[in-house]
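Here is a short report for a reader new to this structure. Look through the sequence and the model first.

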Amino acid sequence: MSEAIVARDLTKRFVTKKRVGLFRNYSEYVDAVRGVSLKVRYGEVVGLLGPNGAGKTTTIKILSTLLLPDSGSASVCGFDVVKEPQKVRRNIGIMLSVEKGFYGRLTGRENLLYFGALYGIGKNELEQRIKYLLDLVGLNELGGSDRLYEEFSLGMRARLALARALLKDPPVLLLDEPTLGLDPPSARKIRGLVRELATKEGKAILYTSHNMFEVELVCDKVILINKGVVVAEGTPEELKSRIPKVRTLELHLNSFPEDLLSEIRSYGLDVREPTQSSDGLYVLRILAKRPEEIVDDVLRLTASRGIDVVKLKIEEPTLEDVFVYFTTAEGVEKSGTQ
Ligand SMILES: Nc1ncnc2c1ncn2[C@@H]1O[C@H](COP(=O)(O)OP(=O)(O)O)[C@@H](O)[C@H]1O
Ligand SMILES: [Mg+2]
């Protein structure tokens with residue numbers, strides 16, 4: 001069995017009571033997760049990518065047994081999250097974006113000793129493991145091992161949270177926006193470690209984020225989630241190849257005759273109004289599925305008009321383009337028919 005995490009059709013509705021006037025209450029429903037299915041294999045980082053309120057944290061909480069789903073099922077390392085929560089917990093390390101539970105008046109090392117003892121790790125093994133982990137997450141070099149937690153920067157807190165998640169050396173990691181709000185070196189450190197833990201140690205990692213750039217850097221596969229629903233999934237490359245016409249041929253021109261735009265359009269090309277760059281050049285963008293096939297024609301045209309092409313590049317679509325595409329009506333319809 002190479003699948004470490006399997007979730008099928010998970011749903012979760014939150015009910016909140018609102019008070020109207022003095023005596024009347026009414027209930028409001030939020031369908032936070034509406035049929036989420038996903039799989040994470042050992043050795044793989046899967047990114048759950050979506051905007052705030054998409055249902056990422058709720059999904060992570062269900063998989064980590066902190067919340068019960070209303071329907072659907074999920075297992076971690078073959079153990080059912082509802083029926084075998086203890087066994088699931090033994091196999092996971094969790095990092096929630098809002099880290100609670102550390103003791104402000106204890107040092108980094110003391111906090112880990114406390115949690116290690118709580119997890120039932122023997123003293124000698126625990127001390128060795130803590131030494132290794134404080135080094136691994138870079139807290140030793142930052143002086144975090146023997147400094148009080150309340151004096152930690154956000155980046156140091158996140159590093160300690162990752163060290164805690166790794167105390168039991170679990171095969172599965174559930175990381176909820178682990179780099180949110182961190183200083184760039186800490187964010188980079190955590191992303192690097194996440195990659196290594198999957199590649200070198202074969203851990204299965206579910207990694208939530210609302211940052212496209214980061215997901216592209218860290219994850220082998222991406223699941224786009226919006227309003228509690230998975231709207232698309234695949235490797236970043238696969239997802240990008242599924243959106244039409246988002247590659248761009250960008251030309252920086254030294255002049256821009258008025259009728260150039262209409263001439264380019266007369267060849268059936270999807271060209272945008274030019275913008276002006278800070279160095280006074282005209283920046284022209286032509287959207288095409290295969291821009292490399294039109295480069296020659298476009299260059300012939302500009303040459304015949306005596307226009308200098310100072311710079312030329314082909315821009316690949318970003319995950320952000322993918323996200324916009326799959327969360328607009330057009331994209332949702334298309335992904336539904338595939
Ligand atoms: N305990 C709760 N009670 C009521 N609503 C909640 C609760 N937790 C989350 N929600 C709502 O569920 C939706 C999904 O939340 P969440 O899973 O935290 O999204 P994300 O982590 O992607 O930002 C949001 O609309 C949020 O307001
Ligand atoms: Mg969240």
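## Terms and numbering

Ala, Val, Leu, Ile, Met, Phe, Trp, Tyr, Cys and Pro count as nonpolar, Asp, Glu, Lys and Arg as charged, and the others, Gly among them, as polar. This is a predicted model: local features need pLDDT of at least 70, side-chain atom pairs count only at pLDDT 80 or more, and totals for chains, interfaces and linings use all residues. Residues are numbered from 1 along each chain as its sequence is written, while chains are lettered from A and ligands numbered from 1 in the order in which they are written.

## Around ligand 1

The shell around ligand 1 has 4 nonpolar, 7 polar and 1 charged residues. Among them are Phe14, Val30, Gly53, Lys56 and Thr57. A residue is near the ligand if its C-beta atom, placed from the backbone, lies within 6 Å of it. Helix H1 (56-63) gives the largest share, 3 residues. Helices (H or I, at least four residues) and strands (E, at least two) are DSSP runs, numbered from the N terminus.

## The sheet

Four strands form an open, antiparallel sheet in the order S2-S1-S4-S5. S2 and S5 (79-80) are the edge strands, each pairing on one side only. Strands pair if DSSP finds at least two bridges between them. S1 and S2 are joined by 15 bridges.

## Helix H5

Helix H5 spans residues 154-165. Of its 12 residues, 10 are buried (20 or more other C-beta atoms within 10 Å of their own, C-beta atoms being placed from the backbone), so H5 is largely enclosed by the rest of the structure. The buried residues include Met156, Arg159 and Leu162.

Note on methods
Expected span 1.5 Å × (residues − 1).
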